Amino acid sequence: MKQDMIVILDLGSTENTVLARQIRDMGVYSEIHPHDITAEELAKLNNVKGIVLNGGENRVVDGAPVDVLPEIYACGLPVISIDHPTAKCDKQYDALPTDEQIKAFVFDECKAEANWNMKNFIEDQVELVRRQVGDRKVLLALSGGVDSSVVAALLIKAIGKQLVCVHVNHGLMRKNESEGVVEVFRNKLDANLVYVDATDRFLGKLENVADPEEKRKIIGGEFIRVFEEEARKLEGIDFLGQGTIYPDIIESGTKTAKCVKSHHNVGGLPEDLQFELVEPLAQLFKDEVRACGIELGLPAEMVYRQPFPGPGLGVRCLGAITRDRLEALRESDAILREEFANAGLDKTVWQYFTVVPDFKAVGVRDNARSMGYMCVIRAVNTIDAMTASIERIDYELLEKIADRITAEVPSINRVVYEITKKPVATIEFE
Ligand code: XMP
């Protein structure tokens with residue numbers, strides 16, 4: 001293993017991730033583990049150089065006071081407590097330590113080396129995956145999103161054709177997106193890729209369904225069924241690769257190992273299709289996942305892709321989806337993306353897309369009254385998607401986009417720009 005590691009034990013602090021970032025920013029890899037880790041579990045982690053006990057103000061988990069097991073204090077590794085003034089370790093601080101104090105602990109006391117970088121991370125993960133998987137096979141649902149793409153590239157590097165990627169095109173992808181997945185993974189990376197065009201099946205199930213939550217349920221449920229059918233066709237698969245990243249684990253509200261495990265279910269696959277999980281990105285923050293993707297040679301547009309909802313264009317083709325409106329949505333979205341890229345806004349705006357509501361408006365085309373769809377442009381900025389502000393787009397650019405959309409997408413005769421913040425609106429319309 002290439003990288004030294006500092007282990008942060010979570011005794012109920014809300015600042016664990018801040019601390020992990022602080023240590024990683026010093027060039028030393030750090031992982032957060034539950035307070036009740038045993039000495040045996042700790043010994044299985046690679047290259048641990050020191051332990052930070054992090055309990056916030058009270059050292060309370062799930063309402064009860066906690067401490068680490070006595071064997072952790074006795075394991076011989078340097079320990080620092082950055083919380084509780086009465087902590088049982090030899091070193092104590094009254095206030096949260098400064099960057100300098102953490103540096104002194106990490107480098108002087110633990111003698112950790114600043115060797116945390118993506119190249120070393122990838123080499124370590126490749127070795128760990130090879131150890132875990134041996135000569136067996138791993139299945140991966142490859143959506144083309146950042147996380148699944150990076151995990152696919154990493155697993156291809158580790159185990160090549162022992163990885164079977166399944167890409168389900170539900171017909172609600174953006175323009176050229178599925179084609180891009182095939183191009184990068186099958187043609188460039190020589191992946192073992194199963195491409196399933198399930199467009200008719202999804203659109204059939206969604207016919208006349210207008211309720212947003214019902215649409216989401218159908219898309220999610222159908223996705224699992226299609227994936228399961230493909231999994232059953234394949235022989236001898238023992239593992240499921242997942243693009244789980246660190247925020248996924250934090251967002252499931254975890255403080256202890258027990259909670260972490262509840263996150264690790266296979267998202268509804270039937271009992272007889274249970275796999276062991278391979279999750280090489282589980283300790284990475286989003287920006288680190290992107291850096292990992294670039295280091296693995298994935299194209300920048302895939303790695304820096306803006307967030308795209310799992311139900312895809314399905315929740316932007318408002319109400320009951322029809323093929324003509326879906327097409328209008330896909331084409332208008334592609335024009336918006338192209339113009340944003342030309343203006344350099346693709347690098348600065350967090351999320352931008354078009355929406356097509358399920359009604360027609362009156363317009364004039366070729367000197368005659370005609371009914372057409374309306375296209376809504378939405379462009380927002382946010383840190384965490386909990387609140388969002390609108391992007392103040394230049395009017396000339398907006399007009400250019402409106403002209404292009406109405407000229408190139410004949411079924412659209414109106415373009416509007418949405419200017420509502422979240423809250424009170426949400427980012428998506430459904
Ligand atoms: P809202 O609309 O709730 O969206 O403000 C916040 C962020 O989440 C994305 N989003 C989804 N992502 N499945 C997803 O994977 C979904 O069903 C879904 N709904 C919204 C949305 O694009 C935005 O970035």
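**Ligand contacts, a helix and aromatic pairs**

Biologist: What in I427 is 2.7 Å from an oxygen atom of the ligand?

Modeller: A polar backbone atom of I427 lies at that distance from the ligand oxygen. Bear in mind that this is a predicted model.

Biologist: How much of the ligand's accessible area does the protein cover?

Modeller: On its own the ligand has 500 Å² of accessible area, and the protein covers 69% of it.

Biologist: And which side chain has a polar atom 2.8 Å from an oxygen atom of the ligand?

Modeller: That is Q351. The side chain of K422 also has an N or O atom 2.7 Å from an oxygen atom of the ligand.

Biologist: Which residues surround the ligand?

Modeller: Q351, K422 and I427 are among them.

Biologist: What comes just after α6?

Modeller: G160, which takes a positive phi of about 55°.

Biologist: On to the aromatics. How many aromatic pairs turn up in the whole structure?

Modeller: A search finds four. One of them is W116 with F121: the ring centres are 5.7 Å apart and the planes meet at 85°, so that pair is edge-to-face.

Biologist: Are W116 and F121 buried or exposed?

Modeller: W116 has 12% relative accessibility, so it counts as buried. F121 has 1% and therefore counts as buried as well.

Biologist: What about Y246 and F285, how are their rings arranged?

Modeller: Their centres are 5.4 Å apart and their planes are at 75°, so this pair is edge-to-face too.

Biologist: Where in the chain do Y246 and F285 sit?

Modeller: Y246 is in helix α10 (residues 246–251), while F285 is in the loop between β11 (276–278) and α12 (286–295). They are 39 residues apart, and the pair links distant parts of the chain. Both Y246 and F285 are buried.

Biologist: Back to W116 and F121. Which residue forms one aromatic cluster with them?

Modeller: Y29 does.

Technical notes. Residues are numbered from 1 along each chain as its sequence is written. This is a predicted model: local features need pLDDT of at least 70, side-chain atom pairs count only at pLDDT 80 or more; totals for chains, interfaces and linings use all residues. Side-chain values use heavy atoms; hydrogens and water are left out. A residue is near a molecule or strand if one of its heavy atoms lies within 4 Å of it. A polar contact is a pair of N or O atoms within 3.5 Å; within protein, one must be able to donate a hydrogen and the other to accept it, and residues adjacent in sequence count only if both atoms are side-chain atoms. Accessible areas come from the Shrake-Rupley method with a 1.4 Å probe; for residues, only the protein chains shown count as cover. Helices (H or I, at least four residues) and strands (E, at least two) are DSSP runs, numbered from the N terminus. Rings of Phe, Tyr and Trp (its six-membered ring) pair if their centres lie within 6.5 Å; planes under 30 degrees apart count as stacked, over 60 as edge-to-face and the rest as tilted. Buried means under 20% relative accessible area, exposed over 50%, partly exposed in between (1.4 Å probe, protein chains only).
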